[in-house]
Amino acid sequence: MEHLLAFISNNQQIIYIVILMIFVGIEVIGRVPSVLHTPLMSGANAIHGVVVIGAIIVMGKAETDNFLALGLGFIAVILGTLNVVGGFVVTDRMLEMFKGKKK
Amino acid sequence: MSDHILNLCYLVASVTFILGLKMLSAPATARKGNLVAAAGMSIAILGTIFLYRNTETGEYLHNYGWIFGGLVIGGIVGTLAARKVKMTAMPEMVSLFNGMGGACAALISLVEFNHISKEMSDHPNGELIQSLQPTILIIVLGLIIGSVSFSGSMIAWGKLNGKVKDYSFSGQNILNLFILAIALAAGAWLIVDPARGYLLYIILALALTYGILFVMPIGGADMPVVISLLNSFTGVAAAFGGFLYDNKVMLTGGILVGAAGTLLTILMCKAMNRSLINVLVGSFGGSKNAIASATGTQGHFKEISVSDAAMVMSYANKVIIVPGYGLAVAQAQHACHELEKILNDKGVEVVYAIHPVAGRMPGHMNVLLAEADVAYEKLEEMEQANEEFKTTDVVLILGANDVVNPAAKSDPSSPIYGMPILEVEQAKTVIVNKRSMKPGYAGIENELFFQPKTSMLFGDAKKVLQDLCAAVKMV
């Protein structure tokens with residue numbers, strides 16, 4: 001029990017962020033029309049590509065002779081970048097189609 | 001100094017993610033929102049590369065060659081894939097990219113575990129091991145969620161492009177839960193006894209299997225919901241990476257997507273009038289009886305020629321077009337818009353009725369028709385269209401099936417029972433364009449096709465529409 005309480009107070013900041021972000025995430029897209037479900041999903045998909053930052057850190061910290069870490073990290077960077085770049089480009093292409101209607 | 005600038009970069013990026021999502025949920029600002037989030041992401045990535053310092057040693061990152069190599073390869077492949085993909089294949093693409101993110105999270109967990117297990121074998125003492133236990137917990141959870149998201153997304157991708165068929169067997173749900181339970185138990189064991197590094201690979205294998213079995217029985221028509229759910233999984237996996245490195249932007253981005261993705265999943269389910277549990281557990285595969293009984297009622301259907309169909313439509317006051325996946329496959333949106341214009345010139349009122357889940361993703365038809373310059377006001381949502389069918393002379397259904405299947409209202413044993421549909425049978429005449437009498441994506445018969453007021457117009461949607469255009473001009 002004490003362990004748990006200590007954990008909570010040591011990681012207060014992070015716990016606050018998590019809770020607030022859950023509410024922000026829900027509030028922010030609360031009123032999305034069904035037309036935009038797909039682009040929104042695709043955009044959110046690109047945003048979680050932020051995981052690539054973890055891959056970059058892994059890669060950048062690896063010793064130059066640790067080939068397992070380098071190899072896996074390299075693949076992780078490629079996959080993460082695919083997620084980010086592909087995600088944003090696909091979303092942009094979807095939304096490009098919507099733009100035409102206003103002219 | 002550089003640490004402070006990096007923190008500022010992360011703060012800016014987190015704000016752009018929130019703003020980006022907010023703007024993405026309104027039609028007028030959506031495109032800008034996407035760009036805002038992309039700009040924030042670039043700031044966060046570049047900041048990490050040049051300003052990140054190891055918390056233990058204070059060193060900057062190295063191996064720049066590898067990092068930039070990965071970024072360039074990923075960037076080029078990602079851009080090309082996203083640029084080249086056809087509009088119809090967009091949903092698959094999203095699923096594929098989502099799987100990449102999941103795999104990335106899982107790989108990070110693998111490398112980090114190797115890193116700390118080396119540390120532990122170098123300095124084997126109880127205190128160090130105890131202090132690392134929370135880290136191992138995070139690594140294990142990141143690995144499980146990332147792997148499930150990866151293998152699940154790959155199956156969803158395969159299903160959407162038709163390479164993977166629905167597959168289910170009795171007791172599958174129980175087996176799935178069992179696999180998940182073993183994976184979690186192995187994770188718990190690993191945390192208690194971190195020396196057993198091989199457990200991590202068992203967890204990896206189990207999580208990958210779980211992802212496959214989890215998506216396998218879910219019907220293709222429900223894939224958007226599943227992709228959205230896996231999307232939020234990957235968000236959570238990214239957030240675990242944020243815990244691992246105490247990295248605020250990964251944390252905020254990941255949790256944001258996790259929360260927004262979950263809500264979006266629920267909203268999508270609502271658009272189909274189903275609950276999430278119903279989608280995940282009561283999968284289409286489980287209702288073979290209904291399929292059998294529906295095929296029994298097959299009766300006669302009537303065919304109509306292109307010229308007759310053109311005649312009927314030219315003399316109508318009002319035509320409603322119901323587009324579906326068939327239109328997307330045939331890339332017939334331009335031909336469709338052409339027909340609309342020709343009919344308009346003849347004084348026929350033409351509108352489109354868009355079912356929320358027509359095509360294979362919500363909004364699929366809107367995107368497609370917008371590409372062909374169909375005016376936004378001509379697209380009517382389901383509720384509005386359902387009121388207008390009564391006063392409509394001709395409904396032209398282009399490659400849609402399940403979304404107009406009256407069984408959703410009348411047959412409780414049907415797998416799509418309860419889904420709101422476009423009530424096209426209230427119109428005076430219904431013309432259905434399909435390639436063949438084969439059932440639609442949900443794999444069930446549609447009694448609409450056998451009703452007396454319905455006529456079938458077989459053929460590829462694009463070809464049929466072009467022929468119709470020519471024929472209508474002649475009338």
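Between chain A and chain B there are 2 salt bridges, a salt bridge being a side-chain nitrogen of Lys or Arg within 4 Å of a carboxyl oxygen of Asp or Glu. In this predicted model, local features need pLDDT of at least 70 and side-chain atom pairs count only at pLDDT 80 or more, whereas totals for chains, interfaces and linings use all residues. Residues are numbered from 1 along each chain as its sequence is written, chains are lettered from A and ligands numbered from 1 in the order in which they are written, and side-chain values use heavy atoms, with hydrogens and water left out.

B:R31 forms a salt bridge with A:D92, and their closest N and O atoms are 2.9 Å apart. On the side of chain A that touches chain B, at least two residues are supplied by each of α2 (12–28), α3 (37–47), α4 (52–61) and α5 (67–99); helices here are DSSP runs of H or I with at least four residues, numbered from the N terminus. The largest share of that side, 31 residues, comes from α5(A).

The contact (heavy atoms within 4.5 Å) takes 80 residues from chain A and 95 residues from chain B. The size of an interface is often given as the accessible area lost when the parts come together. For chain A and chain B the buried area is about 8,200 Å², and carbon and sulfur atoms give 78% of it; this is the accessible area (1.4 Å probe) that two parts lose on being put together, summed over both. In chain A, the residues that lose the most area to chain B are A:M41, A:I47 and A:R93, together 9% of what that side buries.

Attention now turns to the surface of chain B. There, B:L8, B:L11, B:V12, B:V15, B:L19 and B:I43 form a nonpolar patch with about 500 Å² of accessible area together. Such a patch joins nonpolar side chains (Val, Leu, Ile, Met, Phe, Trp, Tyr) within 5 Å, from residues with over 30% relative accessible area and no salt bridge. Helix α1 (residues 2–24) of chain B gives the most to the patch, with 5 residues. B:V15 lies in helix α1 of chain B and counts as partly exposed because its relative accessibility is 42%, between the limits for buried (under 20%) and exposed (over 50%).

B:A461, by contrast, counts as buried because its relative accessibility is 4%. B:A461 is placed in helix α18 (residues 461–474) of chain B. Not counting residues up to four places away in sequence, B:A461 touches B:G326, B:L327, B:A330, B:A332 and B:N433. B:A461 and B:A330 are 131 residues apart in sequence, yet 5.8 Å apart in space, C-alpha to C-alpha.

Methods:
Patches are made of residues with over 30% relative accessible area and no salt bridge: like charges are joined within 9 Å, nonpolar side chains (Val, Leu, Ile, Met, Phe, Trp, Tyr) within 5 Å. Accessible areas come from the Shrake-Rupley method with a 1.4 Å probe; for residues, only the protein chains shown count as cover. Buried means under 20% relative accessible area, exposed over 50%, partly exposed in between (1.4 Å probe, protein chains only).
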